[in-house]
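Hi everyone, thanks for coming along. Please have a look at the protein on the screen, and we'll walk through a few parts of it together.

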Amino acid sequence: MAKRTDPSAKKEQKPVLRRSILVVDDEQDVHYSFQRLLEDLPIEVRAAQSGEAAIELLRKEPAEVVIMDIRMGGKNGLETLREMKRIAPKLIVLMMTAYGTSHTAIEAMKLGAYDYILKPFDIPELRQLIERSLEAARLAQEEGQAMASAADRQGLALVGDCVRMQKVYKLVGQVAKTSATVLITGESGTGKELIARAIYQHSMRANKPFIAINCAAIPENLLESELFGHERGSFTGAMAQRIGKFEQGDGGTIFLDEIGEMPLATQSKILRVLQEGEVSRLGSNESIRTDVRVIAATNKDLAAAVQRREFRADLFYRLNVVRVSLPPLRERAEDIPALAAHFLQKHRRYLPQAAARIAPEAMQALQTYPWPGNIRELENVIQRAMVLAPSSTIEMSNLPEEIQEELSTHSMGRLSVEERVLEETAQVLTDLVLQNGVSDVIRKLVGRLVQRIASKQGGDERQAAESLGLRSADLRRFAMPKTHRE
């Protein structure tokens, strides 16, 4: 009797997830070897015979892991690796070669290769390395999704894929898992608090308080009370006991923004918290234990401030355990389109009828402007332009004058002398044509050209006209009255 099967049992079986690997080598045998090596695993092996072909494949369909030879015809492996990392900075790439040197190994790792392997391969070791690479790709994907989810929950926006920001994201991921003190440096408006919150969100303290203090915004005589608290009657106006931020944040994270503005007297007490894990309220001799992670930020050069005796050297070294340096926006102009798109989406929640896109010329202006106020200034400009744009598209005319002028100056600066003269002449002629009509302007212009060429070449106007491709009839039509001739 045939055994009956439960039809629902088949539906409950989950499909096996196939992983993807791209093998890049100019030898067909290598492709075949990897297909045979991995045929028993749920892995799709794709092949490319050149760096150019591999890049084209990646643009169309991403791979989790790339295994690539260094020596290939056309674009070599290191050049291709550099391009791949620009397209997908978190891509796991294994480099392979039959000609191992320390130089190529170092270069490959500097460019972001996951590992470096030599031909001929040790098969068991190669399979283990591929499995580790696929696991690293999976973890990187999950980490990216977790960061995006946390950012969305907190209204954070870690936007930008330039090389320098990718390094920042990697450092954030590494330091977040520890309790190390972090110093975030960068110009005003570069997003230092955003990075501090990202570190907090991915730390073991994410379920505890995050308390931000702007050291430059609180008067000196109130800052210590704000940070450490006070007892009743400890100073004029202290009508009741107050718990400070370090006590409130026990188990969590304190973000000290603009710490370079902190008075020296307060700095010494911050140092005690970092060294001893203790605070004392103003007006009290009692020490209170507190477990707080400190993240500090500044737009100042603290090392220079130490030299000027404006900042304590011992506190600087305590804070500077891990430094995260944020680049100014002018050094990551390639991220401006993504940032602008983010701000358009963000503010359309509150301005549903406002502009939703940016014209190409306006985007070029945004990428040319040096942004002294960095990302904060960019957001303000986008929000302003959304309000002022009469249509669904932000045009050049909707941007502030200083941004429009910067594009004009930048464009003129890139022109050759000849192009600049032609550009300036075209501007003058445009005004003349609008005033006098095109026929009159052309007649006078050609007449002037004929006379000047005749004067420079020592010939007559007929020869000059012929050198311009004009006939005698043209000369009579374009010739100017003698009273105007030079």
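Let's start with a definition: two strands pair if DSSP finds at least two bridges between them. Strands here are DSSP runs of E with at least two residues, helices are runs of H or I with at least four residues, and both are numbered from the N terminus. Before we use that, please keep in mind that this is a predicted model, where local features need a pLDDT of at least 70, side-chain atom pairs count only at pLDDT 80 or more, and totals for chains, interfaces and linings use all residues. Residues are numbered from 1 along each chain as its sequence is written, and side-chain values use heavy atoms, with hydrogens and water left out.

Now the overall view. The protein chain holds 21 helices and 16 strands. Of its 486 residues, 42% count as buried, and buried means under 20% relative accessible area, with exposed over 50% and partly exposed in between, using a 1.4 Å probe and protein chains only.

Next, the sheet. Five strands form an open sheet in the order β7-β10-β13-β6-β14, with parallel pairing. From one strand to the next, the twist averages 20 degrees.

Let's zoom in on β6. Strand β6 (residues 182–185) pairs with β13 (residues 293–298) in the parallel sense, over four bridges. Ile 184 stands opposite Ala 297 in β13. Thr 185 also lies in strand β6, and Thr 185 is buried, with a relative accessible area of 14%. Its side chain makes a polar contact with the side chain of Ser 325, at 3.2 Å. A polar contact is a pair of N or O atoms within 3.5 Å; within protein, one must be able to donate a hydrogen and the other to accept it, and residues adjacent in sequence count only if both atoms are side-chain atoms. Leaving aside neighbours within four places in sequence, Thr 185 is in contact with residues including Lys 192, Thr 298 and Arg 323, where contact means heavy atoms within 4.5 Å.

There is another pair of strands to look at. Strand β1 (residues 19–24) and β2 pair in the parallel sense over six bridges, and the bridge partner of Arg 19 in β2 is Ile 43. Is Ser 50 buried or exposed? Ser 50 is buried, at a relative accessible area of 19%. A polar atom of the Ser 50 side chain lies 3.1 Å from the backbone nitrogen of Ala 53.

Now for the nonpolar cores. A nonpolar core is a set of buried Ala, Val, Leu, Ile, Met, Phe, Trp, Tyr and Cys residues joined through side-chain atoms within 4.5 Å. In soluble globular proteins, nonpolar side chains tend to be buried together. The largest core here has 30 residues, and those touching the most other members are Ile 358, Leu 366, Trp 371, Ile 382, Ile 394 and Leu 399. Helices α14 (336–348), α15 (360–368), α16 (374–388) and α17 (401–413) each supply at least two residues of this core. Which helix gives the most to this core? That is α16, with six residues. A second, separate core has 28 residues, including Phe 246 and Phe 316.

Let's stay around α16 for a moment. Asn 374 is found in this helix and counts as buried, at 0% relative accessibility. Asn 374 has a positive phi of about 60 degrees although it is not a glycine. Arg 309 also has a positive phi of about 60 degrees without being a glycine, but Arg 309 is exposed, with a relative accessible area of 72%.

Asn 398 counts as buried, at 8% relative accessibility. The Asn 398 side chain reaches the backbone nitrogen of Glu 395 at 2.8 Å. Asn 398 and Ala 385 are 13 residues apart in sequence, and their C-alpha atoms are 5.4 Å apart in space.

Notes
Axes are lines fitted to C-alpha atoms, for helices over the stretch in contact, and angles run from 0 to 180 degrees between N-to-C directions.
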